Amino acid sequence: MSKGLYAGKDILSLAQFDRKSIDKILHSTKKIIALSNKNKCSNLLKGSIIALLFFEPSTRTYNSFSSAAQRLGAGVIGLRDISVTSMVKGETFEDTIRIYNGYSDLIVMRHPESGSAAQGAVVADVPLINAGDGANEHPTQTLLDLFTIKSKLGRLSNLKILMAGDLLYGRTIRSLLQGLSYYEGNTVYLLSPKELRLDKKIKRSLESRIKIVEIEKESQIPTDCNVWYWTRIQKERFTSKNLLKRMKNAFVVNKKLLDAKGNKSMIIMHPLPRIGEISEEIDTDPRAMYFQQAKNGLYVRMALLASVLNKI
Ligand code: NCD
């Protein structure tokens with residue numbers, strides 16, 4: 001496979017990928033894991049500076065990118081709290097990006113507004129990676145989700161996947177649906193309360209490439225799913241407090257549901273944080289993959305940083 005496929009590219013949306021480019025990054029991830037186990041990648045990005053601009057809270061994405069950069073020998077600068085930047089003096093988003101552009105070789109950005117990653121990429125000359133823009137997309141999460149599925153189930157095609165929770169505001173869902181649509185024979189069951197269904201326009205745009213079945217009750221879950229992908233209610237994107245109260249913990253993965261609707265060979269995933277949607281009694285179940293999934297994020301992001309900076 002060609003080196004340089006990602007060199008210098010912005011990573012903004014799953015729409016810019018195809019099967020070949022996804023397979024390539026998953027392959028690079030395996031390579032990075034092998035190098036890392038032999039302690040052979042700690043100088044790969046020596047001399048590079050990565051800017052992490054997080055305008056919205058994050059635990060996993062921020063720290064896995066930070067750890068990834070440092071494990072590859074890069075330096076890290078950035079912001080996690082705009083109250084300590086000149087934005088409180090009124091500096092614009094664009095000017096802030098221009099400044100970090102001058103100090104770094106690559107920008108990783110998270111922002112509460114949909115479309116902000118594309119907006120930032122217009123201003124930045126260095127490559128920009130979208131680490132989540134509002135309810136829009138979260139492409140690097142999808143790459144680590146796909147890596148997790150592939151390494152546990154051995155394939156990304158001909159799968160039955162249940163996605164549950166907040167499908168209206170969940171950006172991980174939007175990106176993952178696109179990612180899975182590049183592989184043949186996948187069927188996705190979307191379980192959510194009526195009010196939190198996937199946007200109709202997005203559903204229509206995907207339907208020629210992936211089979212989508214909307215369900216509303218746990219009793220409708222087929223018992224032969226390969227993956228359960230659960231998500232939390234995105235309360236920061238809600239306007240109605242009443243709706244939020246009604247929707248909270250609408251669907252919960254617990255032993256009872258797994259016994260009724262699960263099977264032996266499936267895996268259970270969640271981008272985390274979980275806010276009660278997966279009962280802790282599930283954590284020791286060998287099918288629970290969410291902590292491994294978060295850890296995979298480190299390696300996928302190492303591969304991505306090294307690929308965009310043309311070092312792998
Ligand atoms: C997700 C996100 O930020 O969209 N978290 C993450 O990056 N692992 C999911 C979420 O916040 O619900």
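K160 is partly exposed, its relative accessible area being 24%, where buried means under 20% relative accessible area, exposed over 50%, and partly exposed in between (1.4 Å probe, protein chains only). The model is a predicted one, in which local features need pLDDT of at least 70 and side-chain atom pairs count only at pLDDT 80 or more, while totals for chains, interfaces and linings use all residues. Residues are numbered from 1 along each chain as its sequence is written, and side-chain values use heavy atoms, with hydrogens and water left out.

The side chain of K160 meets that of D224 in a salt bridge, at 2.9 Å from N to O; a salt bridge here is a side-chain nitrogen of Lys or Arg within 4 Å of a carboxyl oxygen of Asp or Glu. Because K160 lies in strand β5 (residues 160-164) and D224 in the loop between β7 (211-215) and β8 (227-230), the pair ties together parts that are 64 residues apart in sequence. Helices (H or I, at least four residues) and strands (E, at least two) are DSSP runs, numbered from the N terminus. D224 is partly exposed as well, with a relative accessible area of 40%.

The structure holds 14 salt bridges, and another of them joins the side chains of K194 and E216 at 3.9 Å, N to O. This pair links distant parts of the chain, with K194 in the loop between β6 (187-191) and α7 (200-206) and E216 in the loop between β7 and β8, 22 residues apart. K194 counts as exposed at 56% relative accessibility, whereas E216 is partly exposed at 31%. The side chains of E207 and K203 also form a salt bridge, at 3.2 Å from N to O. Elsewhere, salt bridges that share partners join R19, D23 and E184 into one network.

Turning to the ligand, the residues that surround it include R60, T61, R110, R171, T172 and R232, a residue being near a molecule if one of its heavy atoms lies within 4 Å of it. Helices α2 (60-71) and α6 (171-181) each supply at least two residues of this shell. A polar side-chain atom of T61 lies 2.9 Å from an oxygen atom of the ligand, and an N or O atom in the side chain of R110 is 3.1 Å from a ligand oxygen. For R232, the distance from a side-chain N or O atom to an oxygen atom of the ligand is 2.7 Å.

Note on methods. A polar contact is a pair of N or O atoms within 3.5 Å; within protein, one must be able to donate a hydrogen and the other to accept it, and residues adjacent in sequence count only if both atoms are side-chain atoms.
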